[in-house]
Amino acid sequence: MDEKITEASSKDNYRQEPKVGVYICHCGGNISDIIDVKAVAAALAKYPGVAVAREYAFMCSSNGQDLIAEDIKNLGINRTVVAACSPSLHELTFRNVLQRAGVNPYLHEHINIREQASWVHKADHAGATAKAIKLAQAGVEKVKRKDPLNAIRVAAEPRVAVIGGGVAGMRAALSAAGKGLEAVIIEKAPRLGGKLLELGKMYPSGEEGTAIAGKLEALVRAESKISVHTGVDIDFVGGFVGNFKINFKNSDGTSSQVKAGAIIMATGYQHYKPAQGEFGYGESANVVTLPEFISLMKNSPAGRLEYSGKEIKSLALIHCVGSRQVEGIHKPQADGKINDYCSRVCCSSALYAANQVKDRYPGVRIYDVYRDIRTYGMQHETYYDKASKDGVLFMRHNEADQPVIVSDRTGHTVKVKDVLTWGEELEVKADLIVLVTGMMPSDISLIKSQMKMPTGADRFLQEVHLKLRPVELANSGVFIAGTAQYPMDVPEAMAAAGTAAAKAAILLAEPDIPLEPFVAVVDEHKCTGCGLCPAECSYDGALMMAEKNGKKVAVVNPALCKGCGACVAVCPVRAINVAGWTLDQFDAMVEAIAKE
Amino acid sequence: MSKKILIITTNHSSYPGADAVGQARMGYSADTYVIRVPDPVMFPEDFYLNAFAKGIAGIIIMSSGSDCPYEGAYERLSKRVARVYEKMKAKGIAANRLKLTTICTVCRAAFLKEISEMEKAVAAV
């Protein structure tokens, strides 16, 4: 599946005298608060080969893009340098501007002065500015030496692999199938549904988690474009965009492989498990987590809330257990880390559960011990209002003064230094302590290490950009759905899954995926036919010696060349280069950087 | 005169790694210049020597190491860098001004450590 097809070139600009347009982005202050963008533009305006240098608030905005297009039209700009954020975010944006304006899109150079300058040199404005000037000048030198290139397309497997068969995985597969894409769900548990299967009544609909899972599974099973593998153990994930391979062992011990053009990571979350003795968990009776309490409620008889056969007449909810942990206050976990993030959904979940208790067992006294109530979702504040109205007693502590649980034969006493009563030390008796635990990412270390998937400081999978590319990983062709990314509730996970499926469908909409045309090219006039380069090539048939026009020369097969450049280094006359990344370009860049 | 450090990164691995350092707002010296390539195996020995001759104080090659997507490229690169060291020695250029290392997409601490060590190495230049 790695056959490559060369497309026709858009415009042939290489014979024109380079007229470079340089554009410095403020990134709304992300860059311009540190780097003197006017000074950069002024320095570049005087640089040889530069016809115009401008600075603008957001080069990626439509107005910013129009600036470039107008300069191409009015000033005859035929090469561009944009100094802005990382090329991973907007290099393609600006190539498209050139293409739309009739200039070959590869006559563009993207300079990173945000992630690799303003964000890392905050204390050195002058140094960051000088660096930005040098980098932009190096970019000009490179783009002046660029040739127009033609896109290469790689045939892609017309299929998306969805790793994880919970709510996000099922929704992603259904959305992908709805867009005409074949989807394969790979789930390690024996059945589909994930954490939904453990949950009771869910906000906002009040439906049982198992009912929602059942509905989704029925839709999945009825969809002919979706195939499902459950009870499997993934042992290998590899490949690249368009051509991923996932190997796994089935429950019967046999091995299977799924080939896919894209992957959706819907690997979900795990509940934070309190440490032994944390608020009495694991040591004292009647200390449970919120998920355990939800199961308990499901199994309690009507009119009597029971735990271990005893009636529960009072309970205390302790918020932020395993979330918003503070170094020095909370004990690190086995990996030495603390969960300093907010798990987002637990406040709403806890209040929703408290309201269910009040509805079903009105006589039960509920104490809610919290640091902050963050009922952030649409209309979730109503859960707080209802709980307040129904007599749930709220007590608020600050970060340093954690509540203390003292247990004896008579039950539990919760001690809280309550900031709502100006620091009064309150004590309440409770038959049951419910620890409102947060979410942690599932253990997907094997897949993460094999695919080098990026994770944030919170250990969840990290998207490329929260706003611009919210469901994409840096690994091209890999998308994220649901709580593999960060704590979210079911409606959010479903929305994210739909977005991830849409991105995968866009990627695989055509039978081949456009890839950068960066393969080795030979200058036949320069080539002396010495034969040194084929020996450096690791790919059979990608580079060989052949007779052309009565001359022995190196010949590249662009369908097989991977563009690594191993052959480039050994050519004594620089007759072979990787298109778009030539040695002459790099020599000129280094010269510009080194120059005082 | 500033002691400029040239950092050669790979599209697949260390360039995103350098971005990750920025995204985490970790700081380092502004005398550092990142260039990105498909793989540093493309550079002949003379490229490094010419860079030193032009005034670059130190060069860090941040390869993809064993994660390199190109078959055999890292082994070839290692051998080439060994030859560069021989040529540097012949020219009297201190060996610690060139470093071949491996940086992944999330190797933020390692990225900063390499810069810090190279800063110390070039201080004597």
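A word on conventions: residues are numbered from 1 along each chain as its sequence is written, and chains are lettered from A and ligands numbered from 1 in the order in which they are written. Because the model is predicted, local features need pLDDT of at least 70 and side-chain atom pairs count only at pLDDT 80 or more, while totals for chains, interfaces and linings use all residues.

Let's start with chain A as a whole. Its C-alpha trace spans about 95 × 60 × 40 Å along the principal axes. There are 13 helices and 31 strands; these are DSSP runs, helices being H or I with at least four residues and strands E with at least two, numbered from the N terminus. Of the 596 residues, 49% are buried, that is, 20 or more other C-beta atoms, placed from the backbone, lie within 10 Å of the residue's own.

Now the domains, with bounds from an automatic or database assignment. In chain A we have domain 1 (1-151), domain 2 (159-268 + 442-510), domain 3 (274-437) and domain 4 (519-578). Taken over C-alpha atoms, the centres of domain 2 and domain 4 of chain A are 42 Å apart.

Finally, how many residues does each chain bring to the contact? Chain A gives 43 residues and chain B gives 41, where contact means C-beta atoms, placed from the backbone, within 7 Å. On the chain A side, H4 (114-118), H5 (125-144) and H13 (583-594) each supply at least two residues, and H13(A) has the largest share, 8 residues.

Technical notes:
Contact = placed C-beta atoms within 7 Å. Buried ≥ 20, exposed ≤ 12 C-beta atoms within 10 Å, placed from the backbone.
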